[in-house]
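The entries are in the order in which I made them.

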Amino acid sequence: MPVQESSKQSTQRTDGARADRKRRSLVSWLLGGGVAASLASFFYPVVRFLNPPAASEASVNEVAAGRVQDLKPNSGKVVKFGNKPALLVRVSETEWKAFSAVCTHLNCTVQYQDGRQQIWCACHNGFYDLNGAVVSGPPPRPLEEFAVHVRGDDVVISRRA
Amino acid sequence: MSAAELRARAAGWIDDRLGFGAVRELMSHKVVPVHAATPWYYFGGITLFLFAIQIITGILLMLYYRPTVAEAFDSVQFIMTRVEFGWLIRSIHSWSANLMIFVAFVHMFSVVFTHAYRAPRELTWLSGIALLGVMLAFGFSGYLLPWNQISYFATKVGTDVAATTPAIGEALARFLRGGEDVGGATLTRFFAFHVIVLPLAAMLLVGLHLLLIQKTGMSTPPWMDRSRVRTMKFFPNFFLRELMVWYGALAVLGALAAIFPWELGEKADPFTSAPAGIRPEWYFLAQFYTLKLIPSHVWFLEGEMVGLLFFGIAAVVWVALPFWASNPDGSLRSRLVTGLGIFLAAYLAVFTVLGYVK
Amino acid sequence: MRLRVMILLALSCALAGAAKDSCAECHAALDGPLGRPATLIKHDIHAAQGFSCANCHGGDPTADDPGEAMSRAKGFLGKVPRRLIPKMCAGCHSNPNVMRKYGPQQRVDQYELYLTSIHGQRLAAGDEKVATCIDCHSVHDIRKVKDGLAPVHPLRLPDTCGRCHADRQRMAKYGIPTNQLQDYHKSVHWAALTRRGDLSAPTCASCHGNHGAKPPQVASVAAVCGTCHVMHLEQYAKSPHQAVFADTATGGCTLCHSNHAIQHPTLAMLIGRNSVCAPCHESGSEGAKTAVQMAEWLNGLDAALQRSESVLNRAEYYGMEVSEPQVRLHDGRENLVKARLALHSFRPAEMHKPVNAGFAIARETLAAGEAALREKDIRRLGLAVSVVFILVTMVAIWALIRRLERNGRVPDTGAARG
């Protein structure tokens, strides 16, 4: 009996030690896993943050408005400039103009009329000339003019300083 | 050679060259008293942790931020909308800044109420107060950087208040603004303060603060019998607990940033009149509201000047706390200090709330 | 008399620019009404061009003796009789050869127009109470129209007309209303002029004419409004109302919009108790139903666009990139403007195109905004994942502390040192 008892005790002790070891490995596993996973969740946004975004310009002071050959002389097109539209006009082979395309009357989008070589707002028939000045109709103020640069094949519109 | 042997040899090699042994020796001796007020010991560590987060997120933001009037607002908007996780980094930077100042205040008041400032820890107190000042300067300068309507006018008001300081006011305001008015020069200046001058000052002061704590050890409140207070080892016992608290702080920060992203506001327009509800950051609100309450003229002095004079005297008294807190016989005027601490904490709490509500 | 004036004028036009001017010299030293003209003349456009008192009043400005300078023999006229004033001004202003020297582009038909105006007709009939040139342009300090202090400057013209036309006593004998100025001050046109600073906004003269002032003919009201509201006129021309109102006494536009007190149009013009349609289209009729339908379109589109805008703003507030749909929304609002314009055709079919396009854009931008907001919630999912990791780590650290401290390495290292 006593022999049996002692052997039982020793089994209990080894069981306890085994359970303890098991718990210990669980804790280390949890700790290691938790630290690794949480560090990963911290570094993931940081790495993504470091990756430069597609539009690498911070401000909406400049926007690529397309390619030279896409716009015929004496024609215009509306392009996105920040969260507002802009009107790019190719007056002649070499002369370019750009304006805010937001009519100063009721914020409609203006368009280029090649027949009159003027800028027209379809909402209330406002006309602007190619300097942005009001020719006729209800607009109270001229259109804001932007600068246009041709870099190789690309046309770039920028806000005037 | 087994892996364990290899590790031991590598550690020994590094130790021989860098002397980590001494550091480990120091660490093994550092202990933290265990008593009812022990939780307050964590707050210094949380402040330090949040400061580290500020450094990391601040460096990240600098990759995209542009400190000019024309581009500041747009670049912050760019960070928020175009840069992946930019909203998170910026929101964490803003939230962490505010939490850091709040936790620093808690830390300061815990030091006052446990009388940890008393000899020989006067320099620790002074360096801590200097750090708080640096943090407030961080907050004031960082507030302007997004160049939005609210921050622009808050800075205008803030520098106007500085201008009423007796004698040096005008010069001080000119120095802060980099000219007669808040403008592009102010932005450049505040940026330089925020990313170079203040971080350097903060790091030096943090180093000094930690060194002094290491030198004097942790304080126990005066009402406890020091010989009977139990302690725990700083490393690993206290450190692991602190680590847990940091992790918790991180979770809170992440949640605040994701659920309440810091807003961007409207781009500053110096030519419009000040929008309604201009108020500074919350940590200047109590003073701001007090100045508003003071009549425009007290006796023969300008109201704001009286307020500033009063704040100045109060600040000097507060900073000099360790030097007048003891009676000439060496006993502590603990009731006076505790009373003053409660009064100050209550004043700040009440006036901040009033300033927010009104 | 008339002949003498004519000769005098012809002479004076030729004499413009004479150096010596005894009139101004003496009158400047006089007080009261006799001295005033000498002060006022300093601001006068004619004086600036070298004309002197004698060009209108006659006399000899080179003579120092008052009797000689103002002798009738030398053509001195004294105060010019009111009925002669238009003719006198016309002496130069209707003569292209004179005007070419001072304002080559200036019109020379003011006198002719004046004769057609109610003012001119009444003056010819002997009523001297009516407006002549100087009543609007002032006298002795006549300024250019563009001069901000000129009484005929757009910002001052309504008050200048109102000086007589808002005076109940003065108008009593003509039997015309006097509330026009008061009404005009409530109008969108006055607001555009003063608040928006749009000097091209219409004042009295823009609709009534200036020198030929007369109420616009009934048939021409739409044409008068249409000089500025071109597109509205175009739509109105297609309208079934056009033919109906052409014969009535009030003309098209003013029937709904009134004349002087034109207000910013609202939906209340179409529906409700004050609907301008109600007097003719009784409730339940086809026309009334159409009015309700149009109001619903406009109101619905406006609301839909506003909803899209607020969702996009919310998404932007949370730092989501929504500039693309914001630009789209801009087009949506343009369609609302066009729908309001198309309403003036009073044909629902004309409104279909802009209304449908507007609704499509409103739906599209709303979807984009909601998608952006959903993406924001995905951020929260990311946060949740990260928080789970953090909690696991915290639990693990706690377990580690427990293990460290249970295994005999109790934290108690004895009494505190410091």
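The notes below cover conventions, then chain A, chain B and chain C.

**Conventions.** I worked from a predicted model, in which local features need pLDDT of at least 70 and side-chain atom pairs count only at pLDDT 80 or more, while totals for chains, interfaces and linings use all residues. Residues are numbered from 1 along each chain as its sequence is written, chains are lettered from A and ligands numbered from 1 in the order in which they are written, and side-chain values use heavy atoms, with hydrogens and water left out.

**Chain A, domains.** I looked up the division of chain A and found domain 1 (1-53) and domain 2 (62-158). These bounds come from an automatic or database domain assignment. Taken over C-alpha atoms, the centres of domain 1 and domain 2 of chain A are 67 Å apart.

**Chain A, sheet.** Next I traced the strands. Strands (E, at least two residues) and helices (H or I, at least four) are DSSP runs, numbered from the N terminus. Two strands pair if DSSP finds at least two bridges between them. I noted an open sheet of 6 strands in chain A, ordered β1-β10-β9-β4-β3-β2, with antiparallel pairing. Its edge strands are β1 (62-67) and β2 (75-81) of chain A, each of which pairs on one side only. On average, neighbouring strands of the sheet are turned by 30° against each other, direction ignored. Such angles are taken between axes, which are lines fitted to C-alpha atoms (for helices over the stretch in contact), and run from 0 to 180 degrees between N-to-C directions.

β2(A) and β3(A) run antiparallel and are joined by 7 bridges; Val79(A) has Ala86(A) in β3(A) as its bridge partner. Their hairpin has 2 residues between the strands, and Gly82(A) takes a positive phi near 65° there. Strand β3 (residues 84-90) of chain A is mostly covered, with 6 of its 7 residues buried (buried means under 20% relative accessible area, exposed over 50%, partly exposed in between, with a 1.4 Å probe and protein chains only). The hairpin of β3(A) and β4(A) has 5 residues between the strands, which run antiparallel and are joined by 5 bridges. Leu88(A) stands opposite Ala98(A) in β4(A).

**Chain A, β4 to β10.** Ala98(A) also has a bridge partner in β9(A), namely Phe146(A). Strand β4 (residues 96-100) and strand β9 (residues 145-151) of chain A run antiparallel, with 2 bridges. β9(A) pairs with strand β10 (residues 154-158) of chain A over 5 bridges, again in the antiparallel sense. Here Arg151(A) stands opposite Asp154(A), and Val150(A) has Val155(A) as its bridge partner. This hairpin has 2 residues between its strands, and Gly152(A) in the turn has a positive phi of about 65°.

**Chain B, a helix pair.** How do α7 and α8 of chain B pack? Helix α7 (residues 149-163) and helix α8 (residues 169-177) of chain B pack at an angle of about 150°, with their axes 7 Å apart. α7(B) is therefore roughly antiparallel to α8(B) (angles under 35 degrees count as roughly parallel, over 145 as roughly antiparallel, 65 to 115 as roughly perpendicular and the rest as oblique).

**Chain C, totals.** I listed 23 helices and 0 strands for chain C. Of its 418 residues, 36% count as buried.
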